[in-house]
Amino acid sequence: MIDKQFVEQMAKYNRWQNANLYACGDALSDEDRKRERGAFFGSIHATLNHLLWADRMWMHRFAGTEKPSGDIKTSVAQSPDWQDLKHERESFDEVILRWAESLDPSWLDGELTWVSGAAQIEITRSKWILVTHMFNHQTHHRGQVHCMITQCGLKPRDTDLPFMVPATVGRLSHS
């Protein structure tokens, strides 16, 4: 079982690592960010689009935020412009962080039922498992982006959670 402090820490980690990867993405051309690289969603840009879409979907389920349009298949093209994607990511990271900070710890004890677009079935799971999944999903796809960025010859900063210190937990625009 996770607690509120875990949720807050992971929301901060999410923001920190997105800032890290988007700063590297800024150093690439649009062509390099959108180049097919053999990853599950193809490119750096497409993978980051999918990740933002998925975060929006989970937060819609958790907090009633606006439901993103489309589905997993179309998630890769939600924001074709890099600057728009970067701005939307930065803004939504703040939504996740505010949600984590205001989370009632007892909410984690409940269950959530939703219709999975991917599985085409109704699913009920413990909320704490689903929150853990959201953060795990972020880390999984950021790992793919990290690999693609490294293949471009860039070196993202530290990704290890113990190296996250308050002074380095900045916004995307400050990276």
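Q: In this predicted model, at roughly what angle do the axes of H1 and H4 cross, and is the pair parallel or antiparallel?
A: The axes of H1 and H4 come within 8 Å and cross at roughly 170°. Angles over 145 degrees count as roughly antiparallel. H1 and H4 therefore run roughly antiparallel to each other.

Q: Is the crossing of H1 and H4 left-handed or right-handed, and how many charged residues does their contact have?
A: The crossing of H1 and H4 is left-handed. Sorted by class, the contact of H1 with H4 has nine nonpolar and five polar residues, and the charged ones number 10.

Q: Is Glu-8 buried or exposed?
A: You will find Glu-8 in helix H1, which spans residues 4–26. Setting aside neighbours within four places in sequence, Glu-8 is in contact with Leu-97, Ala-100 and Glu-101. The cut-off for buried is under 20% relative accessible area. Glu-8 has 19% relative accessibility, so Glu-8 counts as buried.

Q: Are H1 and H5 roughly parallel or antiparallel?
A: Helix H5 covers residues 127–151, and the axes of H1 and H5 come within 11 Å, crossing at roughly 20°. Angles under 35 degrees count as roughly parallel. That crossing angle therefore makes H1 and H5 roughly parallel.

Q: What is the handedness of the crossing of H1 and H5, and how many charged residues are in the contact?
A: The crossing of H1 and H5 is left-handed. Residues making the contact include Phe-6, Met-10 and Leu-21 of H1 and Phe-135, Arg-142 and Ile-149 of H5. By class, the contact of H1 with H5 has 11 nonpolar and eight polar residues, and the charged count is one.

Q: How many Å apart in space are Ile-2 and Ala-119, C-alpha to C-alpha?
A: In sequence, Ile-2 and Ala-119 are 117 residues apart. In space, the C-alpha to C-alpha distance between Ile-2 and Ala-119 is 26 Å.

Q: Are H3 and H4 roughly parallel or antiparallel?
A: Helix H3 takes in residues 44–63 and helix H4 residues 82–102; their axes come within 10 Å and cross at roughly 30°. Their crossing is left-handed. With angles under 35 degrees counted as roughly parallel, H3 and H4 are therefore roughly parallel.

Q: How many charged residues does the contact of H3 with H4 have?
A: Among the residues of H3 that meet H4 are His-45, Leu-52, Arg-56 and Phe-62, while the H4 side includes Trp-82, Glu-88, Phe-92 and Trp-99. By class, the contact of H3 with H4 has 11 nonpolar residues and two polar ones, and its charged residues number four.

Q: What is the geometry of the aromatic pair of Phe-62 and Trp-99?
A: A search of the whole structure finds eight aromatic pairs. In the pair of Phe-62 and Trp-99, the centres are 5.5 Å apart and the planes are at 15°. This pair links distant parts of the chain, as Phe-62 in helix H3 and Trp-99 in helix H4 are 37 residues apart. Both residues are buried, and the geometry of their pair is stacked.

Q: Which residues do ring pairs link into a cluster?
A: Phe-62 pairs with Trp-99 and also with Trp-107. The cluster linked by ring pairs consists of Trp-58, Phe-62, Trp-99, Trp-107 and Trp-114.

Terms used:
Residues are numbered from 1 along each chain as its sequence is written. This is a predicted model: local features need pLDDT of at least 70, side-chain atom pairs count only at pLDDT 80 or more; totals for chains, interfaces and linings use all residues. Side-chain values use heavy atoms; hydrogens and water are left out. Axes are lines fitted to C-alpha atoms, for helices over the stretch in contact, and angles run from 0 to 180 degrees between N-to-C directions. Helices (H or I, at least four residues) and strands (E, at least two) are DSSP runs, numbered from the N terminus. Angles under 35 degrees count as roughly parallel, over 145 as roughly antiparallel, 65 to 115 as roughly perpendicular and the rest as oblique. A crossing is left-handed if the near helix is turned anticlockwise from the far one by less than a right angle, and right-handed if clockwise. Contact means heavy atoms within 4.5 Å. Ala, Val, Leu, Ile, Met, Phe, Trp, Tyr, Cys and Pro count as nonpolar, Asp, Glu, Lys and Arg as charged, and the others, Gly among them, as polar. Rings of Phe, Tyr and Trp (its six-membered ring) pair if their centres lie within 6.5 Å; planes under 30 degrees apart count as stacked, over 60 as edge-to-face and the rest as tilted. Buried means under 20% relative accessible area, exposed over 50%, partly exposed in between (1.4 Å probe, protein chains only).
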